[in-house]
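Dear colleague,

I am handing over the structure that we spoke about, and below it you will find my notes on what I found. Please read them with the model open beside you.

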Protein chains: 2
Amino acid sequence: MAQPENSGRPSAGSGRAQRRATSYDVARLAGVSQSAVSRVFKPGASASAAMRRRVMDAAEQVGYRPNAIARGLITQRSNMVGVIISKLVNLNYPEVLVELTQRFSSRGIRVLLFALETEGDTAAALDQVLQYRVDGVVTAAMLSGEQLKMFDDAGIPVVFYNRAPGEPSVNAVRCDHAEGERWLVGELVQAGHRRFSIITGPEDSPVSTERALGAMDKLRELGIENVAVATGDYGYHSGREGFASIVRQLGEPPDAVIAANDMMAIGCIDEARAVHGLNVPGDVSVVGFDGVGPAAYAAYLLTTVSQPVARMTEAAVSMLLERIEDSELPPEKRVFSGIRIRGGSARLTVDR
Amino acid sequence: MAQPENSGRPSAGSGRAQRRATSYDVARLAGVSQSAVSRVFKPGASASAAMRRRVMDAAEQVGYRPNAIARGLITQRSNMVGVIISKLVNLNYPEVLVELTQRFSSRGIRVLLFALETEGDTAAALDQVLQYRVDGVVTAAMLSGEQLKMFDDAGIPVVFYNRAPGEPSVNAVRCDHAEGERWLVGELVQAGHRRFSIITGPEDSPVSTERALGAMDKLRELGIENVAVATGDYGYHSGREGFASIVRQLGEPPDAVIAANDMMAIGCIDEARAVHGLNVPGDVSVVGFDGVGPAAYAAYLLTTVSQPVARMTEAAVSMLLERIEDSELPPEKRVFSGIRIRGGSARLTVDR
DNA sequence: AGCAAGTTTGAATTCCCATGCAATCAATCG
DNA sequence: CGATTGATTGCATGGGAATTCAAACTTGCT
């Protein structure tokens, strides 16, 4: 295959930005109309085999690729979806983002990523999301009613990922955090734990709130009051500090610590062992939530509830794509039960 | 502010996709030309204060936002960059992706994310990257010379992140893995370790190769031969299996294990402690690489080399943006030394 | 007041592709 | 063989914003 350095346009050697070949260039080279080129590149459009071949040859020669931007303009479909995450979400769950991206990708949809510093600064990002005319949005950050309305007005479907606002009329995929916590508490109580403590996540995290409420509810149901509470930030260190704070509050170690996520549970275990010389689960039981990688490390083997990430991301992707196809679909919430993991970080009764 | 339900276009209540307001709509409403609207939304363009106000008012009324797609078509700038990662990269280093995104974002650039299943299946993804007319690319996956040429031909600058191909004429940001390994080995040898073993990463990982070679080199320099080698996949479990395999090979535990990353080092420690009843670092020293979160957990406290992610991502972003602005800039490589962390997972001499 | 110089503004054009419509062509049938 | 049907193909248009050019308008100064 010789260098096509004769084809009018110089084939810039290196670095020099040259004009990219357009469908007109290909058409001229192939001796057909521009529409023909467009049709050849549109799957399912009518074009003869001969036509197809000529166009493809010409396209190959000049390295033609349809311009997705121009196509988006005319079709009113960018084939991009916005994915909004916060730093927190990603660190706790790096695979969520990759899974979402791969699943969208395998369906011909590209992901435009928006990473919020905090849950708060959504405004600027949303403006961008709207400017880029994404076909839909998956958000793992909270949106205000007003912001939600902006998307609604623009006809852009939104799916919340583990973040369901009050309004009933939204699409959401989430893990049943409350249910998971209730199970954890039930197991702990059944195994005889009585002095409970909780390390919550950040105050403004809806997930943390749901988990804490779920645990508290179940505790109350089982007649357990006086629960020591510490507030954390989902990070390892706040798990350690949380445990220290609880011991201070109680004047002695608790029977059980319910950490709002695995990372804090791990911090908690390290603190109990390294600083307080306690045996986990002999002296104190610790449970977490999420099922992150380190939860399964031999040093921790957390008793926890794991989020079924694969199924949840798949649900989010298909929910969103359905609603892009058919904007009339009614809102839907899909709630997944967590996977119950009876690890070694908590003393549980043996029978299931 | 009353509902503008009189403004001709019905303000679709909910769900119904309506036509988004265009610059023409705003122009008509404000009684000015479309060009005026365009200018008002372009920072630094000439427009009188009065004009500006009228246009902004009208824009607000109809919820106008410039269409980034259309803008991209005419300006030949999408203001999007492609970021290519593989599943592996992201899981080891979730913050890389978020940091890149935030840094681009703060400079008005959006990130189009491409997640490769393996390092291999780049072809399809690259096609998409080119179709979307991104202004530049950061890749944490390997590209073939041919693929690189495609970007070059298209005038799209590429920055490799921790992945530098043989060709000298590429832009790259990377951590000096070899140097880091040499330091680790040096420390271990100085502290008296003699029977060494290595757990490498996947065969096809250039980073793993560089680390392994760096370590081997230094070992040889210091007169140490007969190094037991196990091949891992960067995952926790392969760290465990790696250690088991090494013990099998040697018939006894090694003095030191050099794991190609932290995750495997952690697996290695767990295996040594839990299965072989060894004391780390008393019986065996383990070192890793990367400086991931769990490396600092009290149960491990890895001796490792931490990648300066913040500086590296910043370097990648600014290198890429510079080259988008000025395509004449010569290729550049920026190599960062890792941060040396003398943790408790290895027995080291005390003096520095 | 008169004019040069600078600033705003609008009309027209451009970016690249998809698609409705009409024209053309090939194939089928009576 | 002519007419009908169906598949291809090309023409022309449109999608939304940026930008060039020239016209209109300000401003400052003599």
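In what order do the 4 strands of the open sheet in chain B lie, and is the pairing parallel or antiparallel? The order is β7-β6-β8-β9 in chain B, and the pairing is parallel. Before I go further, please keep in mind that this is a predicted model, in which local features need pLDDT of at least 70 and side-chain atom pairs count only at pLDDT 80 or more, whereas totals for chains, interfaces and linings use all residues. Residues are numbered from 1 along each chain as its sequence is written, while chains are lettered from A and ligands numbered from 1 in the order in which they are written.

The sheet of chain B

The edges of this sheet are β7 (228–231) and β9 (285–287) of chain B, each of which pairs on one side only; here helices (H or I, at least four residues) and strands (E, at least two) are DSSP runs numbered from the N terminus, and two strands pair if DSSP finds at least two bridges between them. On average, neighbouring strands of the sheet are turned by 15 degrees against each other, direction ignored. Within the sheet, β6 (residues 196–200) and β8 (residues 256–259) of chain B are joined in the parallel sense by 4 bridges, and F196(B) has A256(B) of β8(B) opposite. Helix α10 (residues 206–221) of chain B packs on the sheet, where it touches β6 and β8 of chain B, and its direction makes about 170 degrees with that of β6(B). (Axes are lines fitted to C-alpha atoms, for helices over the stretch in contact, and angles run from 0 to 180 degrees between N-to-C directions; two residues are in contact if their C-beta atoms, placed from the backbone, lie within 7 Å.) Helix α11 (residues 236–250) of chain B also packs on the sheet, touching β6, β7 and β8 of chain B, with its direction at about 145 degrees to that of β7(B).

Strand β6 of chain A

In chain A, 5 of the 5 residues of strand β6 (residues 196–200) are buried, so this strand is largely enclosed by the rest of the structure; a residue is buried if 20 or more other C-beta atoms, placed from the backbone, lie within 10 Å of its own. F196(A), I198(A) and T200(A) point one way from β6(A), and S197(A) and I199(A) point the other way. β6(A) pairs in the parallel sense with β8 (residues 256–259) of chain A over 4 bridges, and the bridge partner of I199(A) in β8(A) is A259(A). Another 4 bridges join β6(A) to the parallel strand β7 (residues 228–231) of chain A, in which A230(A) stands opposite I199(A).

Where the chains meet

Contacts link 54 residues of chain B with 53 residues of chain A. On the side of chain B that touches chain A, α6(B) gives the most, with 7 residues. Strand β2 (residues 110–116) of chain A and β2(B) run antiparallel and are joined by 3 bridges, with L112(B) as the bridge partner of L112(A).

The DNA

DNA strand D is surrounded by 28 residues, the closest being S35(A), A36(A), T22(B), S23(B) and S35(B); a residue counts as near if its C-beta atom, placed from the backbone, lies within 6 Å. The most is given to this surface by α4(B), with 5 residues.

With best wishes

Notes. A residue is buried if 20 or more other C-beta atoms lie within 10 Å of its own, exposed if 12 or fewer, and partly exposed in between; C-beta atoms are placed from the backbone.
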